[in-house]
Amino acid sequence: MPVAAAFRPGPVLATSLAATKLALKSLAGRYQRLSAEIATLDTQLAQFVAVAAPALLAIKGVGPDTAGALLVAAGDDPDRLRSEAAFARLCGVAPLPASSGKTTRHRLNRGGDRDANRALYLLALGRMGWDSRTRDAVARRTAEGLSKPEIIRCLKRYLARDLYRLLTTSQLAPLPLDSP
């Protein structure tokens, strides 16, 4: 994009090449401004999350985006969540029965907070790569005959259980409203 931002289009009405250069220069400039704005907002989000929930950031694999999504899902008052099952339902990771006949199984929940569900999904995928306990659980569930989506659903439910305990037992600091 830096190359396109440096284009000198010349008279636009002269050629189609000049018009193309003008369009690319405009898009590149917009891309650079939006990238700078995203970087600024990411820095602010990291600062807010570090103040509000340092214990959440201390968990390996939980970054500012994941922690922010979970904090938004929990809301200002995590005590409003009656149980870990309520938090799992809020995040869309509570199992829904999908049994028929002799088959007993559960399916993915399509409800709940999609951002929190995505945060748990990314955390589950990350743990499948580096956490030995998670890899053992995946191997055990695979041997039981579960499919990969069912295994990920189970992992997200376990993660929601652990994160619920953290969100409700640790004191979350309120964010100052007058911060710049």
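Eight helices and two strands make up the secondary structure of the protein, where helices (H or I, at least four residues) and strands (E, at least two) are DSSP runs numbered from the N terminus; in order from that terminus, the elements run α-α-α-α-α-β-β-α-α-α. The model is predicted, with local features requiring pLDDT of at least 70 and side-chain atom pairs counted only at pLDDT 80 or more, whereas totals for chains, interfaces and linings use all residues. Residues are numbered from 1 along each chain as its sequence is written, and side-chain values use heavy atoms, with hydrogens and water left out.

Of the 180 residues in the protein, 31% are buried, that is, under 20% relative accessible area with a 1.4 Å probe and protein chains only.

Helix H6 covers residues 114–130 and reaches 25 Å from its first C-alpha to its last, close to the 24 Å expected at 1.5 Å a residue, the expected span being 1.5 Å times one less than the number of residues. Its buried residues include Ala 116, Asn 117, Leu 120, Leu 123, Ala 124 and Arg 127. An α-helix has 3.6 residues a turn, so residues three or four places apart point the same way. The buried residues of H6 pack against helices H4 (64–74), H5 (84–91), H7 (132–143) and H8 (148–169).

Elsewhere, Lys 60 lies over the face of Trp 130, 4.4 Å from the ring centre, the criterion being NZ of Lys or CZ of Arg within 6 Å of the ring centre and within 35 degrees of the ring normal.

Terms used. Buried < 20%, exposed > 50% of the residue type's maximum accessible area, 1.4 Å probe, protein only. Contact = heavy atoms within 4.5 Å.
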